[in-house]
Amino acid sequence: MTQFSRTWWGQRFIQALEQFTDTGRLSRGRSYATNGRIINYKIDRSTVQARVRGSINPYFGVFEEPTYKTSIILRSINARDWSKVIQNIASRADLLTKLLMNEMPDTIEDAFIEQGLHLLPHSARDFETDCSCPDYANPCKHIAGVYYLLASALDKDPFLMFTLRGLPREELQAELAKTPLGATLASALTTSEPKVQPVASYYTHPTTQPQQIASHKEFWTGATRLPAPQQTVAAQPAVSALLIKKQGDYPAFWHKNASFIGTMEEFYERVRTKNKQMK
């Protein structure tokens with residue numbers, strides 16, 4: 001069975017749904033999310049619109065498979081409150097560093113609670129939902145199915161939660177980079193690509209050198225010494241394992257339940273320990 005909410009923020013999202021959604025409808029919604037009943041869904045800031053395949057039920061006169069339109073609107077945070085939250089985040093290097101590296105900090109909610117807000121949903125008041133199906137309950141199983149797809153999408157992209165609250169990733173990181181601390185960290189985390197130098201040919205042309213005639217004695221005794229090898233010191237990166245950390249905890253190619261960053265940290269630690277034992 002497909003597992004949803006592998007991350008702490010995805011689990012918090014599901015926990016909020018369980019507080020106000022019927023258990024039976026949640027179970028059927030989970031089945032809808034895993035069995036391909038949701039045809040497609042589109043996210044436009046705080047609004048999620050989806051098309052969901054219904055069920056044939058002759059008892060209620062439904063002889064052909066219907067398609068229902070479902071919408072979920074998450075309560076957005078206004079621009080004034082976002083400005084205050086960004087100032088709170090910009091005052092903390094631990095939050096800024098992770099956000100600029102596309103990671104979700106464990107203590108991100110602290111920056112919102114100070115303003116009386118929440119990033120992750122906490123109750124039914126955070127949602128406004130609607131479905132064209134005849135079910136009297138709201139949320140119905142079709143809406144619940146879209147909820148689970150959102151939880152799965154949050155596992156892969158935690159910044160989707162910011163988008164659902166009205167501030168997409170690009171705008172968030174741009175605003176953070178405008179702050180003094182954010183600008184410093186952003187420049188340290190930016191990897192500059194080397195400039196491509198045009199050449200006349202892809203092949204190395206041989207060059208001629210004037211012939212140096214040495215005596216047999218100089219040849220065998222090594223009177224003419226070779227130049228000493230140059231010592232090169234590799235520059236240390238500003239942030240260790242930058243390429244790995246940029247992928248986030250659950251990149252698109254990572255299908256395991258454990259965090260990708262955590263797994264790689266454990267792997268490198270084993271390699272370092274093994275190298276010490278071999279010395």
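Predicted model: local features only at pLDDT ≥ 70, side-chain atom pairs only at ≥ 80, totals over all residues.
## Strand E4

Strand E4 spans residues 127-131. Its side chains alternate between two faces. Phe127, Thr129 and Cys131 point to one face, and these three are buried.

Strand E4 has a partner. Strand E3, residues 67-74, pairs with E4 in the antiparallel sense. Five bridges join the two strands. Leu74 stands opposite Phe127 of E4.

## A ring pair across the chain

The model holds 10 aromatic pairs. One of them is formed by Phe13 and Phe127. Two values describe such a pair: the distance of the ring centres and the angle of the planes. For Phe13 and Phe127, the centres lie 6.0 Å apart and the planes make an angle of 80°. Planes over 60 degrees apart count as edge-to-face, so this pair is edge-to-face.

The pair links distant parts of the chain. Phe13 sits in helix H1, residues 8-20, while Phe127 belongs to strand E4. The two residues are 114 residues apart.

Phe13 has 1% relative accessibility, so Phe13 counts as buried. Phe127 has a relative accessible area of 12%, so Phe127 is buried as well.

## Other rings

Ring pairs also build a cluster. Its members are Trp82, Phe112, Phe159 and Phe162.

The charged end of Arg37 sits over the Tyr32 ring, 5.4 Å from the ring centre.

Key: Residues numbered from 1 in each chain as written. Heavy atoms only, no water. Buried < 20%, exposed > 50% of the residue type's maximum accessible area, 1.4 Å probe, protein only. Helix = DSSP H or I, 4+ residues; strand = E, 2+ residues; numbered from the N terminus. Pairing = 2+ DSSP bridges. Phe/Tyr/Trp six-rings, centres within 6.5 Å; stacked < 30°, edge-to-face > 60°. Lys NZ or Arg CZ within 6 Å of the ring centre and 35° of its normal.
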